[in-house]
Amino acid sequence: MENPVREATEEEERVFYQQKAPQEWLDALAPLGTDEEKPFLETAPIIAIFSQKCGGPNPGDMKKNYYANESVGIATGILITALHHAGLATLTHTPAPMNFLNEIWGRPDSEKPFLILVVGYPATDATVPVAGKVKKPIEQISTWL
């Protein structure tokens, strides 16, 4: 394997699954079938998304960017929607911590990794875990005025 993103991600995930994650969290992940192995990080293109807490349009700008995480989250949602409309599938992945992505992608310390977005056509045998299809009825998650 010569994919620095997969190698670094799987190392962080091994530490998480074997040392950091409480049993309750591992139990919640079990129905999804996830573990520290992330082969999808080398079978499809990936986009590393970063937030910028300080910056600006000009080099050297260090103005505080308010609501950085909210803005990046909204922009990422729009990107995912556009990719789906283009017929592509996406998978969000958020290893923790993700600071290794700054080094791999050569991003400055003023940027914080937000998520890894895997993009591509799904494999012909791809499936969604049964637990991922269980949804609450709209009446339980919304109030209409």
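This is a predicted model: local features need pLDDT of at least 70, side-chain atom pairs count only at pLDDT 80 or more; totals for chains, interfaces and linings use all residues.
Residues are numbered from 1 along each chain as its sequence is written.

Helix H1 comprises residues 4-20, helices (H or I, at least four residues) and strands (E, at least two) being DSSP runs numbered from the N terminus. At the start of H1, the backbone nitrogen of Val5 lies within 2.9 Å of a side-chain oxygen of Asn3. Val5, Arg6, Thr9, Glu10, Glu13, Phe16 and Tyr17 are the buried residues of H1, where buried denotes a relative accessible area under 20%, exposed over 50% and partly exposed in between (1.4 Å probe, protein chains only). These residues are on the same side of H1, because they cover an arc of only 120° around the axis, the arc being that of the directions from the helix axis to the C-beta atoms. Gln18, Gln19 and Lys20, on the other side of H1, are exposed. The packing partners of the buried residues of H1 are H2, E1, strand E4 (89-93), H4 and strand E5 (111-120).

A search of the whole structure returned six salt bridges, each defined as a side-chain nitrogen of Lys or Arg within 4 Å of a carboxyl oxygen of Asp or Glu. One of them joins Glu10 to Arg6, with the closest N and O atoms 2.7 Å apart; both residues lie in H1, four residues apart, about one turn of the helix, and both are buried. Arg6 also forms a salt bridge with Glu37, at 3.7 Å from N to O. This second pair links distant parts of the chain, since Arg6 belongs to helix H1 and Glu37 to the loop between helix H2 (23-29) and strand E1 (46-52), 31 residues apart. The relative accessible area of Arg6 is 10%, whereas Glu37 is partly exposed, with a relative accessibility of 41%. A further salt bridge, between Arg14 and Glu11, has an N to O distance of 3.3 Å; about one helical turn separates these two residues, because they are three residues apart in helix H1. Arg14 is partly exposed at 27% relative accessibility, and Glu11 is likewise partly exposed, at 41%. Through shared partners, salt bridges join Arg6, Glu10, Glu37 and Glu42 into one network.

The largest nonpolar core has nine residues, namely Val5, Leu41, Ala48, Phe50, Met98, Phe100, Leu101, Ile116 and Val118, a core being a set of buried Ala, Val, Leu, Ile, Met, Phe, Trp, Tyr and Cys residues joined through side-chain atoms within 4.5 Å. At least two residues of this core come from each of E1, H4 and E5. Another core lies apart from it and has eight residues, including Ile49, Ile80, Leu115 and Val119. Apart from neighbours within four places in sequence, Leu41 is in contact with Asn3, Val5, Arg6, Thr9, Ile46, His93, Ile116 and Val118, contact meaning heavy atoms within 4.5 Å. Phe100, with neighbours within four places in sequence again set aside, contacts Val5, Ala8, Thr9, Glu12 and Pro95. Asn102, in helix H4 (residues 100-105), is buried at a relative accessible area of 8% and, not counting residues up to four places away in sequence, touches Phe50, Arg107, Pro108, Asp109, Glu111 and Pro113.

Helix H3 (residues 68-85) has 18 residues and reaches 26 Å between its first and last C-alpha, close to the 26 Å expected. Ala68, Val72, Thr76, Ile80 and Leu83 are buried in H3, and they line one face of the helix, because they fall within an arc of 95° when seen down its axis. The exposed residues Ile74, Ile78 and His85 are carried by the face of H3 turned away from its buried side, while the buried residues pack against E1, E4 and E5. Gly87, which follows H3, has a positive phi, near 90°.

Note on methods. Side-chain values use heavy atoms; hydrogens and water are left out. A polar contact is a pair of N or O atoms within 3.5 Å; within protein, one must be able to donate a hydrogen and the other to accept it, and residues adjacent in sequence count only if both atoms are side-chain atoms. The expected span of a helix is 1.5 Å times one less than its number of residues.
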